[in-house]
Amino acid sequence: MKHLLSTEDLSLANAIRILDTAEEMAAVGDREVKKLPALRGRTVVNLFFEDSTRTRISFEAAAKRLSADVINFAAKGSSVSKGESLKDTAQTLSAMGADAVVIRHWASGAPHRLAATDWIDASVINAGDGTHEHPTQALLDAFTMRRHWARLAGTGSEGADLKGMRVAIAGDVLHSRVARSNVWLLRTLGAEVTLVAPPTLLPIGVEKWPCSVSYNMDQTLEQGVDAVMMLRVQGERMNASFFPSTREYSRRWGFDDNRLRALDALGMKDTIIMHPGPMNRGLEISAAAADSPRSTVLAQVRNGVSVRMAALYLLLSGDTREPAAPALAYAGTPSTKESN
Amino acid sequence: MAGNTGTYLIRGASILGGGPADLLIRDGVIAETGKDLTADGATLIDAAGLVALPGMVDVHTHLREPGREDAETVETGTRAAALGGYTAVHAMANSTPVADTAGVVEQVYSLGQAAGWVDVRPVGAVTVGLAGGQLAELGAMADSRARVRMFSDDGICVHDPVLMRRALEYVKAFDGVVAQHAQEPRLTAGAQMNEGEVSAVLGLTGWPAVAEESIIARDVLLAQHVGSRLHVCHVSTAGSVEIIRWAKQRGINVTAEVTPHHLLLTDDLVRSYDPVYKVNPPLRTDADVQALRAGLADGTIDVVGTDHAPHPSEHKECEWAQAAMGMTGLETALSVVQHTMIETGLITWADFARVTSSAAARIGRLEDQGRPLEAGEPANVILVDPAARWTVEPAKMATMGRNSPFKGMELPGKVVATFFKGHPTVLDGSLNTPYPHSASVGAA
C-alpha cells in the first residue's frame, strides 16, 4: 500500500492486515511507555482544510507513538485562505520533506487528486474527504466490531472477519463519508449492513450498494441487529427540508430511550451502540443510550489511535507488499505488488 | 461576397461521401462542379480518398474574449475552429463584459473579421449581465453590425418563466432565437456531477436529469404558446430527447443541440476525480449517450454544438469542487462525431453535413454558410480524410485550452483543408493563412 484513500478499493487481505496490525499497536497503548521507534526520522503532515480536532489529534497521537515528527497544517488562517491552491500547498509541504500527508478536506476526492497527480511523492492518507470517504473511521469501527464479535465467539480477533454480523447504520447517509466507508469495508469483511434513514437522506443510486435499506428504525431493530451505528445529524441539514423538524427526526430515526429498552425487550443483550462522534445528545442518540454499557463511543476513540498507527506504519515502513491471503496477513512475506 | 481569393481546383473528392467529382473554387465561390474540370492557373488539390463537406458551423463556442484572454482569444479560438473544419462559429455571450450590448457584440464581430479564420457570429445575452433580471437590448444587438440572431444566457438558465416567455416573444420581431441553457437552478444548487450510481459512491452533489428536462418541458410549451423559435443548448439526457421528440411531433418550433463529449463520454470517468471531466451539463450515463446518438440520427436533435470551453490550467489543476466546468472541443468535434455516429452506421457523411453545417447555419440565420456544394454557392468547403487516425494531444492544439477530455484517445478523421469564402485557411492539415483583408474590401 502506498496510499489509504478509500475502503471501496481496499482488499480483504489489506483490511485484515491493517486491523491485525492495529491489534499489535493497541498493545503498545496499554504499556507504560506508549511509544515505538518505528517511524523515527519520518515526517507526517496533518493537512487539514476542514476543522476536525478529534481526527487531527488522533492522527497526531498515532504518529507520535510511532516516533514520527508531526507537522500540523490547518488551512484556515494559512496561505490557503489567501488563495493558495491545493497543488502549491501540497508541494510546499512536500518540499519540507513530508513522508506522509494526512489530509482532511471538505471537497470529495481531494486526497485522490494528491495521490493521482505528480504533485507530490508522499503517501496520502484520507482523513475524511467531503461526503465521500473516511477510511480510518471505518477501520476503527470495524476494529471495534471485530473485537466485540470475537469476544462473543470466544475467539481472538487476529485474522478474523465480520461474517454474519448484522450492522444497522442510521441517519444522514447522503452526506456521510463515515457511512460510505463503512458500507464498503463491512461488505468486504462479510457483515450484513442495513441503512436506516429518511428517504431524503439516502443518495439516488443507493439501491446498487451492497446493503439493505430501511425507512423504519423499529422494524430494523425487531429483525435483529448486532451493532447499531448512529450518524451525526449536521446542523445545516435542519433548514434544508431534509426532514420536518429535529423532534420528528429524533422520534422516527433517533436512538432514543424507547429503542434502548426495545433492545432489552427483544432479548438482544449483546447489541452494541456506536457513534463516530461528536454526538448530538437528544437528537440522533439519547443520553441514556450514549452512556449505556452498550455504547462503544469511547472505545472507538481509543481504537482510532491504534488503527491510525497501523495505517501510518504500514504505509511508511516500506512494507508495500500485498498479503497473499488473510490467514497470512500479518506474518506475510515480501512481495512487490502494490495494492493501490 | 466574392473577393479576390484565387483559384483552386479540387480533384476527385467524394462529395458528401458520395461519388467523386471535381470542385472549382474561384474568387470566393464554387465556380463549377463535375468531372475532369480544368482551369488555367488554378492551384491543384488532389482529393482522392477525401470527403468534401460544407464548412462546419458551430452554434456554441466560447471564445473568452473580451475578458479572459488568458483562456482563449478570438484569434486562437478561431484558429482552432479552422483546424477543426469550421468556417463559422457562434461566440457565446458570457465574456467580461457580457455581450449584452451592441458595443460588445460589434467588438467580438470585428475581432473575428480581423482574425479572418472563420465567420464569428456573436451570440447576445438574453438578460443584462446574464443576471436573469431584465432583458438586454436584444433589438440593438440584432440591428448592430454583428446582426445577432441567437440570444442566450448560456452557462446560466433563463429560469424565470415570465422572462423566458417575454424573450421568446420579443425576438420574433427580428427572426431571432433564444438558445436556452436548460438547468433548473434550485434543483442543481452546488451540483457537481450527474446524479446517479456514480455520484452516490463518490459523494459529489448530484445534478439530476430532471433539472434539465423540466426546463425543456416548460420551454417547449412556452414556445408553442407564444409561437416562437426555441433552441435547446447541449441536450444531455435521454428524457430531454424524449421531450423534444414529443414537441417536434406537436409541431413546436424547437431545435436542439448535442455536444461531441455527450455523444461519447459517461460519468464513470468522474471516478478519477480529474476535473478535465467536469462540464456543464455533466457527463451522463451510457443509456443517455445511446439516446443522444439515436436522437441525433433521427433528427430529434438537429445539430452538434461543441460548447468549446477553454480554461487556464490552474482552473483544472485543483479539487473537483473547485474546478471550472468545461472542455475544449473545436479540434476534436469532427473526429468524435465520425467515431460515434458514422463509424457506428447511425448517420452518413451527408447527414454529417446537415448536423454540423446546414442545420446549424439555419438556426443562426447565416445565409452564406451550410450551403450545398454546388456551382454558384459560397466556397465554404472542407476536405476530410476519413481513413486517418490520430491521437489527441492537447498540447499540440491551436486552442489555448489544454482541457480536452479526449486526451490520449485515438480517433478517426482529419481535416485536410478548410476553405473559408474561397480562401484556404487550412491546407495539408495545417494552418495556412487567414482570409486576406484585401479580399474583404467592398464585401458586406
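The radius of gyration is taken over C-alpha atoms, and the globule rule I apply is 2.2 Å times the number of residues to the power 0.38. I keep in mind that this is a predicted model.

**Chain B as a whole.** I looked up the size of chain B and found a radius of gyration of 21 Å, which agrees with the value near 22 Å that a compact globule of 444 residues would have. Taken along the principal axes, the box filled by its C-alpha atoms is roughly 65 × 45 × 45 Å. I then noted that 60% of the 444 residues of chain B count as buried, and that its secondary structure comes to twelve helices and 19 strands. Of the contacts in chain B between residues at least 6 apart in sequence, 75% join residues at least 24 apart.

**Where the chains touch.** Next I looked at the contact between the chains, to which chain B gives 19 residues and chain A gives 22 residues. On the side of chain B, helix H5 (residues 197-202) supplies the largest share, five residues. By class, I find eight nonpolar, six polar and five charged residues on that side of chain B.

**A sheet in chain A.** I followed an open sheet of five strands in chain A, whose order is S7-S6-S5-S8-S9 with parallel pairing. Strand S7 (212-214) and strand S9 (272-274) of chain A are the edge strands, since each pairs on one side only. Neighbouring strands of this sheet are turned by 20° against each other on average, with direction ignored. Within the sheet I checked strand S5 (residues 166-170) and strand S8 (residues 227-230) of chain A, which run parallel and are joined by four bridges; here A:Ile169 stands opposite A:Met229 in S8(A).

Key. Residues are numbered from 1 along each chain as its sequence is written. Chains are lettered from A and ligands numbered from 1 in the order in which they are written. This is a predicted model: local features need pLDDT of at least 70, side-chain atom pairs count only at pLDDT 80 or more; totals for chains, interfaces and linings use all residues. Helices (H or I, at least four residues) and strands (E, at least two) are DSSP runs, numbered from the N terminus. A residue is buried if 20 or more other C-beta atoms lie within 10 Å of its own, exposed if 12 or fewer, and partly exposed in between; C-beta atoms are placed from the backbone. Two residues are in contact if their C-beta atoms, placed from the backbone, lie within 7 Å. Ala, Val, Leu, Ile, Met, Phe, Trp, Tyr, Cys and Pro count as nonpolar, Asp, Glu, Lys and Arg as charged, and the others, Gly among them, as polar. Two strands pair if DSSP finds at least two bridges between them. Axes are lines fitted to C-alpha atoms, for helices over the stretch in contact, and angles run from 0 to 180 degrees between N-to-C directions.
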